[in-house]
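Subject: Handing over the structure

Hi,

Here is the structure I promised to pass on to you. Have a look at it first, and then read my notes below.

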Amino acid sequence: MRSSVRRTTGALVLSAALTLGVAACGGSDDGGGNSGDDPIVVGISLPLTGDFSEPGKGVQEGYEAWAKITNDKGGLLGGRKIELKILDDQSNADRVVADYEQLIGSDQVDLVVGPFSTRLVVPSARVAQEYGMLFVEPAGAAAEVFNQGFKNLFYAAPAVADDHYNHLAEHLLALPEGEKPKTVAYAAMDDPFAQGTAYGLKKKLEAGGVRTVVDEVYPPNTTDFGSIAAKIAAAKPDMVVGGSQYQDGVNLIVALQQLNYQPRLAAFSTAPTNPEFAKAIGNKTEGILSPTGYSQDAPYPSNKEFVEKFTAQFGKAPEEDQANGYTTGQVVAAAVEAAGCAEQGECQQKMIDWLHSNSVDTVVGPLRWDATGKPQGAHMIQQWIGNDIKIVLPADAKEADLLYPKPAW
């Protein structure tokens, strides 16, 4: 269960400690007039209430863990501790713009990092760009993030939304003709990330001859999925794909269960990774798929430390949302140490230039970006096997064999 997280409609200022094991490049003065005793203030706006509050709070925990772990190891730039200043944007695009205007312009924070959701990342990245600020973000993966012309933005995850299901598409299209799914139903939230994950898979499967029989887009505030579930059940597709966040994915699955529609395969973005998912759908998780950029068992050097110390801090192991926040911090910390500074002004461009030319080792593996800030990797595919969710694709990372067709839910 997710531990309770303090909500606020104002600023939440957290003094924490951070360390990422990067070699210090600075001394007691960072070159911008700040002494080694001054904290590095990181401004953040997150959806702690509203449509994206559940994953938003997960990202918050990731940021908090990054700060604490780093500070416990001495901070950055030879001893400067990290302070997080977090505002609640209430899942509102207008509010997120005002928040970053306040953080950068009024509060004069040293650094900023991104919110959750493409819908909030794009407008906040524009504000950061206007101020010449580096903008590393944890959860803006839709294509529209990378066609805005941002030069300051970096997505801190292995792959963008359209590429999340690449390994699944490749696997399904390589199956013998008699085993390959022939029809698929798609239902996606009207959200760039959710649609990107579903339609990235749709494009690849259609190109391989798999027919689309249902294609539904629903508003983010949808709670009644009866009519969408009825269309899917009536079409009897071999596979159902949900471009979902959390509650919408749960509600759609419950509606499909009530109609006794039994797909041979079911894939939902984000929702299956939530700690409360199994209970929410009546513990009928067996065989449900989801893309993921993170595994608690990943062999990357910093991941073991992250899992151990996050668990000690929050009383639970980290999930993908928390890892995304932590990874964002790792990327920023590497840029700070490489540039030897952390403040507004010329330092920001130094960090931006360094990230465009270098890779960073993180808990999700080494990350490198193209000129648009798009990461150059792919997501793993995980599936509920028994009472646990395990990596099933690609073959060189799998923890279990893909279960297909899936058992009834």
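Below are some notes on a sheet and on one helix.

This is a predicted model, in which local features need pLDDT of at least 70 and side-chain atom pairs count only at pLDDT 80 or more, while totals for chains, interfaces and linings use all residues. Residues are numbered from 1 along each chain as its sequence is written, and side-chain values use heavy atoms, with hydrogens and water left out.

Let's start with the sheet. Seven strands form an open sheet with mixed pairing, in the order S8-S7-S9-S10-S11-S14-S15. (Strands are DSSP runs of E, at least two residues; helices are runs of H or I, at least four; both are numbered from the N terminus. Two strands pair if DSSP finds at least two bridges between them.) Strands S8 (211-218) and S15 (388-393) are at the edges with a single partner strand each, so one side of each has no neighbour in the sheet. Within the sheet, S7 (residues 183-189) and S9 (residues 239-243) are parallel and share five bridges, and Tyr-186 sits opposite Val-241 in S9.

Now to helix H3 (residues 118-130). After H3 comes Gly-132, with a positive phi near 70°.

Best wishes
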